[in-house]
Amino acid sequence: MSDAALRIEGVGHSYQEGDPVLRDIDLELAPGEFLTLLGPSGCGKTTLLRIVGGFIRPTEGSVFLNGEDVTRVPPHKRRVNLVFQRAALFPHLDVYDNLAFGLKLAKVPKGEIDGRVREALELVRLEGLAHRRSGELSGGQAQRVALARALINRPEVLLLDEPLSALDLRIRQEMEGELRRLHRETDTTFVFVTHDQGEALALSDRIALFDRGAIAELGTPREIYHRPTSALTARFVGDANLMPVDDGWMVLRQEDVVLTEASAVAAGNGGATNGSSERLRGTVRDIGFRGAGYAYVVECPELGEPLKAEVPSEAAQPLPLGAEVFVTWDPKVARVLPKSS
Amino acid sequence: MSARLRHHGVAGAVFTALVLIFLLVPLIIVALFSLHSSPSLTFPFKGFSTRWYSEVFGSEDFRESLFNSLKLALATAAFTLVFGTAAAYGVTRSGSRMSGVGVAIFMLPITLPLLFVGIALLIALRRVGIELSLLTILIGHTLIAFPFFFMIARVALERLDPMLEEAAADLGASPWKAFRKVTLPQVFPILLGAAALAFMVSLDEFVVTFFVSGNETTLPLFIFSRLRTTLNPSINVVSTLLMATTFVLFAFAFVMAMWGERKRARRAGNLMDVTE
């Protein structure tokens, strides 16, 4: 398959001492695809990104860009660009010269540089800031400049190393939308690294979930969220409840949990079990108002750990702390996964 | 402010003033007597005259030693700038355990007594069979000035964000281009200041120069030889000139360091302010 924008073949990496940080990674990205490498810190996702960028030479395997083996090509000769966690703008240069940096090195004619810098600034909506110093930009602006500085070189693959993690929530949400738009408008292949499952679900065409140096799960956001194949996936993406059953784990999404006050059931009014057959007893230990829903923590004697539930807030008053409740769910939504390590 | 604190403030000011007077008075007296109208170097001060300046500048020996000193100081500054930057960059970027050993070796000359360095250098030069000349003085001065430069350059380079060099490489810069276009511009003012320091060290270096100068002479050697033959204000003239040069260079180094520091602070501000 030579039409892959990026192909990673049997890549593994270990440092002199200790266990390998990456084991036998195979990945193939179609041109224009948005792939997210998702996982907790230390799972090897950043190492893989840096291998693709050329900053780390893998101890095993090969990396192909548009069919060409680039495993031993140094970063400055690869047609990929990396957006760093912190914007990493050159402090001694203004925005214009930051953007023009790569083009000047590539000996692009002056007139063309002017045009492309203007285009790039329009792309990230920072027209008029061309002559600001990097010290005079806000965090969100700096990260946009960093994106423009990478995209202006028209990379074959754009690598993003947790570019939103240093921004605060409001800017981060705004930048999520920007990233989606940039991906649409530039039609570039994106590899995005994050530990934030929300970002991964919101942005990606496909997600590769990493666990201890290996890909634990690869699929579209819908597949990963709704049909996890391992308990780890279910726990990491969406923070689902895991209940031990005979042959493995039962996965129950927080929003699929139905809570009914025990006293209401006993009184016979509104015993809304809604055809849900499964039932546990529990005590409400914590309630948090999240706007659209209440986040409950319910302690069930039959379960090893507290159960988490998210219940829409508009329809009902919150249950009181300490209330005895029945925990029910539709058996169709609960999935049973085999027990793994 | 309490009375006690104010009292302490006054005492502190008086003490500071006394220390400054103690440090500055000899310098001021040296400068004052360089303008003395009589050959006497002691009070009473009889009047102002520039005759000693004319005499000194009229002296062939003086002009030669001045010229030598300036050449040496300039060459020492240039040498340390190039090699010191390379050494400091190597040590900060190598990541090897041996870099600590490198630092120790580069710093060695200022931990040894100058007398020892001078004698050792003389013996080494003799062994290798190098004639004593301006070149051997230059070797000595570079040896002595190097650690000062290295120390400053290393701190400046270590405080840079290594991510910026990676960003440069990512954008297509070879390691040399990344160094020249990203690393060097950020620390250049500080390096220039440090080179000025090397210039100063060379300008008034005496001990090592004394051993390896052969037939050449520098300003400090000129003063020393004058002291043995004549005792008049012409020595004060040379000393005053040395002092003034050192002062100007120190001010330059200081301004450069402040400028570099302001640039760094701006950059650090940018790194912290990632949240709008």
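Predicted model: local features only at pLDDT ≥ 70, side-chain atom pairs only at ≥ 80, totals over all residues.
Are Arg172(A) and Glu199(A) buried or exposed? Both Arg172(A) and Glu199(A) are buried.

**Overall build**

Chain A holds 9 helices and 18 strands. Its C-alpha atoms fill a box of roughly 80 × 45 × 35 Å along the principal axes. The chain has 341 residues, and 52% of them count as buried. Take the contacts between residues at least 6 apart in sequence: 65% of these join residues at least 24 apart.

**Charges and salt bridges**

Chain A carries 40 positive and 49 negative side chains. The centres of the two sets lie 5 Å apart. Over all chains, the search finds 21 salt bridges.

| Pair | N to O distance |
|---|---|
| Arg125(A) and Glu178(A) | 3.5 Å |
| Arg172(A) and Glu199(A) | 4.0 Å |
| Asp211(A) and Arg212(A) | 2.9 Å |

Start with the salt bridge between Arg125(A) and Glu178(A). Arg125(A) sits in the loop between helix H3 (110–123) and H4, while Glu178(A) belongs to helix H5 (residues 169–186), so the pair ties together parts that are 53 residues apart in sequence.

Arg172(A) and Glu199(A) meet in a salt bridge at 4.0 Å. Arg172(A) lies in helix H5 and Glu199(A) in helix H6 (residues 197–203), so this pair ties together parts that are 27 residues apart in sequence.

In the last pair, Asp211(A) and Arg212(A) meet at 2.9 Å. Arg212(A) has 58% relative accessibility and therefore counts as exposed.

Most residues other than glycine have a negative phi. Asn66(A) has a positive phi of about 45° although it is not a glycine. Asn66(A) lies in the loop between strand E4 (60–65) and strand E5 (68–69). At 42% relative accessibility, it counts as partly exposed.

Arg154(A) also has a positive phi of about 45°. Its place is the loop between helix H4 (139–151) and strand E7 (157–161). With 46% relative accessibility, Arg154(A) is partly exposed.

Key: Residues numbered from 1 in each chain as written. Chains lettered and ligands numbered in written order. Heavy atoms only, no water. Helix = DSSP H or I, 4+ residues; strand = E, 2+ residues; numbered from the N terminus. Buried < 20%, exposed > 50% of the residue type's maximum accessible area, 1.4 Å probe, protein only. Contact = heavy atoms within 4.5 Å. Lys, Arg positive; Asp, Glu negative; His and termini not counted. Charge placed at Lys NZ, Arg CZ, Asp CG, Glu CD. Salt bridge = Lys/Arg side-chain N within 4 Å of Asp/Glu carboxyl O.
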